[in-house]
Amino acid sequence: MAGMETSDQDIIFVGGGINALVAASLLARQGWRVTLLEREAQLGGCIRTEELTLPGFQHDTLSTAHPLFLVGPAYAALKDELHETGLVYCNNTTPTGVVMPDGRHLVLTTSREDNMRRFEACISGGGAAYQHAMHDVQDNADLIFTLLGNELWRWDTARKLAATTWRKGLQDMSAFAGAALTPAHAWLKQSFGSAPNPAQALLAPWVLHTGLGPDAPLSALMNKVVAFTLEAVGMPLVRGGNAQTVRAFETLLQRNGARWHTHTHVGKVLVDKGRAVGVRLANGDTLHAPHVACSVTPAQLYTQLLDAPHVPDGVLSEARNFRHGKGNMQIHLALSEAPEWQHEELARTVYVHLTEGVAAVSRAVNEAERGWLPAVPTVCVAQPTMLDPDRAPAGRHILWVQVPECPVQVLGDAGQGIELDGSGAWTASVREQFADRVMQIVAQHVPNLQRATLARKVLSPADLQKLNINLVGGDPYGGDCSLEQSLFWRPLRSTRNHSTPIANLWHIGASTHPGPGLGGGSGFHLAHALGAC
């Protein structure tokens, strides 16, 4: 693209993650001339599959499962075309489970009746409590999914909320709001007992996958919604690795005349008379278009891509104060044989969490947020080759291990066993020592883990940020998802939906509503706003 100055596109996307891919595909299908610009070597953002450990072992480097995509409007709009390209999902009836330090375990299935029996077997009254939680989501589904998935600053959303308020009445709406704000810590103990038990422990870690902690407002509601979603669609993985998702989107884009350029760093969004008119690349080239959509964090958009004179002072201040959440660690293992869980049912479960329960999750979150390596982190183990054996050579396996409670800066070690150099940095030594702690936890429940491990690749929060500029501090959720930085106030209190103070400049991605989770929601809503669906 050296020396190029072009104006033959209708919209330019800065960044090529899931939301940009969704919006670009929908717009290109409607005849828009679309160009995507990605600074990394491939499109996809947090969707990538690589041989991280040994040849032939295909690891999903960052994200792996797609439950939110399958229940969202983007998939509904594009699924037929995506599957025509060869995209295939692998799934089963046991999406998630938990095993506690003492060996007690519980698996969630895709059957409501089965789950009620399993919860009741764990604790008296547990089946009824689980059923009540699922009915709570069902009975309020229109309201919940309108708030969590729709554009909130729109008249049709306001009409839906008004109609629901009229139907339910102010008292019931107030009661719903109060219940929705309940932290998961309180709800789990009230519903499943204060003593650690598998019913409580099964649900507790899932708040971490929503960018929250168990003591945050809204976390109980998110706990229920996640369980409801997993029960409905399971834990779908892409056959052949998550990168097949990107290849499917690339086929759609190419079919409809869209273009993309990787290894392309955008330096500035060009603005003329208060309107976006294109971008300038870091090498000085310019591309012009009447619309620009940026899949970036607020700080990148308002403090880097835009010159200060174009940004109102209030917006600039909010963007600078946008908070990012805890760091995340990924550990990828190549195994010579299948993991031999002490409980056979866990070997057939897609995601297995290792935790003692909600108090343990709360403690680990608190330690990480204070800058300490958790003494006993919550561990999530995904088993891709259980569903998709072709991701590894014959008879071999891979594990995808996630640690969602990591400090951004390492100020101390709650476990008191890891040597720190005082810099606060995620050095290679700190990264590997902490990974050893995590693997010791997993090995307690998978006795053959050490013998079976052929190779491992560990990615610290600092490594994640190097892989993707949007993962600030290793936060995979596009920013802290606390109540005051979600819903009507995401990404900023002074902006609405995906618009910006600059005409025809749009903001999408995990930092915007409806937030993280690979659902493609903000991309769909942008395409809808521009008339493509």
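## Salt bridges

A salt bridge here is a side-chain nitrogen of Lys or Arg within 4 Å of a carboxyl oxygen of Asp or Glu. Asp136 and Lys224 make one, with their closest N and O atoms 3.0 Å apart. That pair ties together distant parts of the chain, since Asp136 sits in helix 5 (residues 126-139) and Lys224 in helix 11, 88 residues apart. Helices (H or I, at least four residues) and strands (E, at least two) are DSSP runs, numbered from the N terminus. On accessibility, buried means under 20% relative accessible area, exposed over 50%, and partly exposed in between (1.4 Å probe, protein chains only). Asp136 has a relative accessible area of 22%, so it goes down as partly exposed, while Lys224 counts as buried because its figure is 10%.

Before going on, a word on ground rules: this is a predicted model, where local features need pLDDT of at least 70 and side-chain atom pairs count only at pLDDT 80 or more, while totals for chains, interfaces and linings use all residues. Residues are numbered from 1 along each chain as its sequence is written, and side-chain values use heavy atoms, with hydrogens and water left out.

The salt-bridge count comes to 24. One of them joins the side chains of Arg33 and Asp10, at 3.0 Å from N to O. This pair also links distant parts of the chain: Arg33 is in the loop between helix 1 (18-29) and strand 3 (34-37), and Asp10 is in the loop between strand 1 (5-6) and strand 2 (11-14), 23 residues apart. Arg33 is partly exposed, at 42% relative accessibility.

Arg104 pairs with Asp102 in another salt bridge, where the closest N and O atoms are 2.9 Å apart. Asp102 counts as exposed because its relative accessibility is 51%, and Arg104, at 37%, is partly exposed.

## The nonpolar cores

A nonpolar core is a set of buried Ala, Val, Leu, Ile, Met, Phe, Trp, Tyr and Cys residues joined through side-chain atoms within 4.5 Å. Which residues have the most contacts inside the largest one? They are Phe119, Leu188, Phe192 and Tyr351, in a core of 52 residues. Helix 11 (residues 219-233) supplies the largest share of this core, seven residues. Apart from it lies another core of 39 residues, with Ala24, Leu36, Phe69 and Trp506 among them.

## Around Phe192

Leaving out residues up to four places away in sequence, Phe192 touches several residues (contact means heavy atoms within 4.5 Å), including Ile123, Ala129, Asn197 and Leu203.

Aromatic pairs are rings of Phe, Tyr and Trp (its six-membered ring) with centres within 6.5 Å; planes under 30 degrees apart count as stacked, over 60 as edge-to-face and the rest as tilted. The count comes to eleven aromatic pairs. Trp187 and Phe192 form an edge-to-face one, 5.8 Å centre to centre with 80° between the planes. Trp187 is buried too, at 10% relative accessibility. Phe119, Tyr130, Trp187 and Phe192 together make one aromatic cluster.

Strands count as paired if DSSP finds at least two bridges between them.

Strand 7 (residues 96-99) pairs with strand 8 in the antiparallel sense over four bridges. Thr96 stands opposite Leu108, and Val98 opposite Leu106. The hairpin of these two strands has five residues between them, and Gly103 takes a positive phi near 95° there. On its other pairing, strand 7 runs parallel to strand 16 (residues 351-354), joined by four bridges, with Val98 opposite His353. What about the side chains of strand 7: buried or exposed? Thr96 and Val98 point one way, Gly97 and Val99 the other, and all are buried.

## Trp489

Trp489 is found in the loop between helix 19 (461-467) and strand 22 (505-508). Its relative accessibility is 34%, so Trp489 counts as partly exposed. Trp489 touches Leu483 and Glu484, not counting residues up to four places away in sequence.
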